[in-house]
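Good morning, everyone, and thank you for making the time. I would like to walk you through one chain, slowly, and I will begin with a pair of side chains before stepping back to the whole.

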Amino acid sequence: MGLRDRLGVDAFWTPGEVLTHGFDFRPRWWQQRVPAEGWTAWLSDLPEANRGRQYRHITRSDLLTAANGGPDDVGRLLVGSYAWGTGDRAFLVGRRAQVFTKNTTESTTAKLVKALTVLRDQGPAKAYEMLALGGEQKLPYLGPSFYTKLLYFADARPDAQPGRALILDQFVAIALKEVEHWDITERGPWGPDQYQRWLEFAHNHARTESTNQAAVRPDAIEAAMFRKGWAIYQARIATARAARRQP
């Protein structure tokens with residue numbers, strides 16, 4: 001049985017579907033909390049969301065094609081990763097913004113610039129190790145679900161093709177555990193070896209699932225694993241709620 005069958009999907013997202021995968025949010029949620037104005041001003045320039053009411057729409061493409069060469073670019077990319085990863089769930093913004101409110105702009109910039117230099121020179125697993133708990137560039141309040149987003153976007157090619165780095169979060173981990181039977185914790189922490197194994201899994205399956213007619217991107221594998229993990233998580237919640245309603 002192939003990965004597509006195990007995940008129960010008819011097809012993996014096309015490249016266009018991956019690039020347009022996005023979310024609505026209000027820029028002011030982040031602009032009011034992030035001290036560095038240069039990191040957040042660009043959020044207001046994103047396309048207006050269909051819902052209006054000062055919402056903007058941010059996609060993978062916006063971040064995969066973002067510049068990441070200088071210190072301010074690194075900060076903007078981190079803010080963008082949080083805006084995309086949080087979407088319209090405003091109730092999460094205060095907690096997630098602690099990475100900006102409880103670290104100085106200077107320390108955040110310095111650590112991330114060093115980590116992204118390691119990403120370019122030594123690869124994503126080594127950069128992951130630098131940002132992980134106990135790592136040389138560990139940044140308080142920045143966990144793997146979001147620093148792997150940063151690595152993924154920063155590692156992209158100029159044509160918005162993904163590099164080696166991909167996102168690893170709770171829902172990807174749930175799918176790896178439940179569908180692929182990995183010995184992996186659902187909420188982390190995940191070691192660099194597990195991250196490397198995940199990258200190899202996704203890139204290998206992208207190659208084997210691709211055909212001459214339809215290429216499958218590695219981040220399409222990530223998106224499919226995320227959706228499967230999210231569905232499993234939501235089913236658990238529904239089951240727990242039903243159990244509580246029983247007399």
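Predicted model: local features only at pLDDT ≥ 70, side-chain atom pairs only at ≥ 80, totals over all residues.

Asp73 and Arg76 are both part of helix 6, which covers residues 71-86, and they sit three residues apart, which is about one turn of the helix.

Side chains of opposite charge can pair when their charged atoms come close. In the case of Asp73 and Arg76 a salt bridge is formed, and the closest N and O atoms are 2.4 Å apart.

**The chain as a whole**

Let me now step back. The chain contains 14 helices and two strands, and its C-alpha atoms fill a box of roughly 50 × 50 × 40 Å along the principal axes. For 247 residues, a compact globule would have a radius of gyration near 18 Å, and the chain has 18 Å, so the two agree. Of those 247 residues, 50% count as buried.

If we take the contacts with a separation of 6 or more, residues 24 or more positions apart account for 66% of them. As for the surface, the chain exposes about 12000 Å², and carbon and sulfur atoms supply 50% of that area.

**Other charged pairs**

There are 33 positive and 27 negative side chains in the chain, and the centres of these two sets lie 7 Å apart. The count of salt bridges comes to 11, and besides the pair we began with I would like to show you a few others.

One of them joins Asp155 and Arg157, with 3.8 Å from N to O. Here Asp155 is buried, since its relative accessibility is 11%, whereas Arg157 counts as partly exposed at 39%.

Another salt bridge brings together the side chains of Arg236 and Glu186, at 2.8 Å from N to O. Glu186 counts as buried because its relative accessible area is 19%, and Arg236, at 35%, is partly exposed.

There is also a network of salt bridges, in which Asp24, Arg51 and Asp88 are linked.

Which side chain of opposite charge is nearest to Lys149? Lys149 lies in helix 11, residues 144-154, and the nearest such side chain is that of Asp169, 4.1 Å away. A salt bridge needs a nitrogen and a carboxyl oxygen within 4 Å, and Lys149 is buried yet has no salt bridge. Leaving aside residues up to four places away in sequence, Lys149 touches Ser81, Trp84, Gly85, Ile167 and Asp169.

Leu151 is in helix 11 as well, and it counts as buried because its relative accessibility is 0%. Beyond residues up to four places away in sequence, Leu151 has a number of contacts, among them Leu116, Leu119, Pro124, Tyr128 and Tyr195. Ala165 is also touched by Leu151; the C-alpha atoms of these two residues are separated by 5.9 Å, although they are 14 residues apart along the chain.

**Backbone details in the loops**

Where does the cis peptide bond lie? It runs from Gly188 to Pro189, with omega near 0°, and Pro189 is placed in the loop between helix 12 and helix 13.

Gln54 has a positive phi of about 70° although it is not a glycine. This residue lies in the loop between helix 4 (37-40) and strand 2 (56-59), and it counts as exposed because its relative accessible area is 55%.

Tyr141, again not a glycine, has a positive phi of about 75°. Its place is in the loop between helix 10 (124-131) and helix 11, and with a relative accessible area of 46% Tyr141 is partly exposed.

Notes: Residues numbered from 1 in each chain as written. Heavy atoms only, no water. Helix = DSSP H or I, 4+ residues; strand = E, 2+ residues; numbered from the N terminus. Rg over C-alpha atoms; globule rule 2.2 N^0.38 Å. Buried < 20%, exposed > 50% of the residue type's maximum accessible area, 1.4 Å probe, protein only. Contact = heavy atoms within 4.5 Å. Areas by Shrake-Rupley, 256 points an atom, 1.4 Å probe, with all protein chains shown as cover. Lys, Arg positive; Asp, Glu negative; His and termini not counted. Charge placed at Lys NZ, Arg CZ, Asp CG, Glu CD.
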